[in-house]
Amino acid sequence: MSGLWDAIAGLGDQLAAHVLLSASAIALGIIVALPLAVWASRSPAVSRASLAFASLVQTIPALALLALFFPILLSLRAVFGEGLPTLGFLPALLALALYALLPILRNAVTAQANLDPGVIEAAHGVGMTFRQRLLLVEAPLSAPFIMAGIRTAAVWTIGAATLATTIGQKSLGDPIFAGLQTQNWVLVLAGCIASAGLAILADSLLGTIERGFRERRRGLWLGGLAAVLLGVGAAFFAQFGGEDDDSVVIGAKGFSEQYILARLIGQRLEGEGFAVEYRDGLGSAVAHSAAASGEIDVYVDYTGTIWTNQMKRTDNPPREQMYREIAQWEEANTGMEVLGRLGFENAYGLAMSREAATFGEFNSIADVAQRGQAMVIGGDPEFFERPEWIAVRDAYGLRFAGQRNFSPTFMYNALQSGEADIIGAYTSDGRIVADRLVILDDPRGAFPNYDAVLLLSPQAAEDEALKAALLPLIDAIDVEAMREANYSVDREEEKLSFDEAARLLAERAGL
């Protein structure tokens, strides 16, 4: 139990960021919803259109809505310039504000529509202007109902804000996603408790304001509002009081190896006097675009991923040729620098349990193509959409009875429990050895090479001190050391944190 409270106590930065993001999104939702509600109360057409739009937004899953703002903002850079942020706070703010819009707008429109006509007529009769009627009559009568909508929006927004982790915004989703990745349920529970507690507290404070409006008790709603503003102000100070604007931003995709390597890079840079921050849980395409646009400064990618996903190449040249062409392509097309290879390969491969492979005499992917039609294949959420999988599937004519998506951690559990018969595994994962898995041969060479490479954004590539601090990582990590580090955070007992695993990896690599 002490471990849980320690984990909760260590969430100060994530909690402050979560409060700021949620409060900003709710405030923006209010700023948009209230004038729109006034307009809608005077125009049935505007009312129908605005409520239909807000309802439509609610049908889009919050995760998808957050992700969609990345390409939208990226395209808007042509209008607003390269300084427009495409990851982190801005896309999360816009997406969550849209998500908060419906309950505020619906309650405000309903409150306006149900005002006593006699009161409005009396206001007309005494000669009140539109502004006077709105501020002195309609607003006080509608305020309790609008606050009820704001309370609903607050709870929704605080919950949905945990998903902002996936687009590089720090939030209480950080421990939840990290915990899910490594099956560290203490971290997951800590994030959930903190998020739920924040939602309950916000609902209580906003409920105080609502009650103050309903009972016409000025001191009550002013006190609730003061408490809300005090909390947001404290979060703002915690986030920006003394923050270093020159931090090196380190990106990481959403699996254990990436979290560990990001911390290894961060520890290395901190040792050289750099301030660092992390953007974790990014998808492959988002991470690459973010580095190319300068949203992140450095991250680890894999040659096969860049070759197929970014360069759209379908051939499979020798390892050295692929690396040289990738480095040249990045410099010419994105301005990024491939600083070098870390020394190990983390390739995709089709894996089975040793027992199943031996019993069915499956030695290669070709054997699966011939006799594996009754199998169920599992993969991570992006595996089946990647060009590599499509190339392998078509090269061998693979057909399966079922296809299932799992998070990288649960993918291995699915293989053990029989939920999947074969999975798209990572060859540097420690669970391959620990779970006694077999990586099937690829006789047709359909999977490309996946050497881990260190990429620098165009801006970071010009920083010679930064490059000098990172150069010792090049060719320093072998696959056995990486597997050991990966397994240290993925095993069920005596798990290490990502920081501890990074220090273990540094020690093994002699850094």
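Visitor: Is Ser 171 buried or exposed in this model?

Guide: The model is a predicted one. Ser 171 counts as buried because its relative accessibility is 0%, and buried means under 20%.

Visitor: Where is Ser 171 placed, and which residues does Ser 171 touch?

Guide: Ser 171 sits in the loop between helix H7 (130–160) and helix H8 (173–182). Leaving aside residues up to four places away in sequence, Ser 171 touches Gln 14, His 18, Ala 161, Thr 162 and Thr 165.

Visitor: Which residues does Leu 454 touch?

Guide: Among them are Ile 265, Val 298, Leu 339, Leu 470 and Ile 474, with residues up to four places away in sequence not counted.

Visitor: How is the packing of two helices described?

Guide: The angle between their axes and the distance between the axes describe two packed helices. In this structure, H11 and helix H22 (residues 498–509) pack at an angle of about 70°, and their axes are 8 Å apart. H11 is therefore roughly perpendicular to H22. Residues making the contact include Tyr 259, Leu 261 and Arg 263 of H11, and Phe 498, Arg 503 and Leu 505 of H22.

Visitor: How many residues of the contact of H11 with H22 are nonpolar, polar and charged?

Guide: The contact has 9 nonpolar, 2 polar and 3 charged residues.

Key. Residues numbered from 1 in each chain as written. Predicted model: local features only at pLDDT ≥ 70, side-chain atom pairs only at ≥ 80, totals over all residues. Heavy atoms only, no water. Helix = DSSP H or I, 4+ residues; strand = E, 2+ residues; numbered from the N terminus. Buried < 20%, exposed > 50% of the residue type's maximum accessible area, 1.4 Å probe, protein only. Contact = heavy atoms within 4.5 Å. Axes fitted to C-alpha atoms, helices over the stretch in contact; angles between N-to-C directions. Parallel < 35°, antiparallel > 145°, perpendicular 65-115°, else oblique. Nonpolar A, V, L, I, M, F, W, Y, C, P; charged D, E, K, R; others polar.
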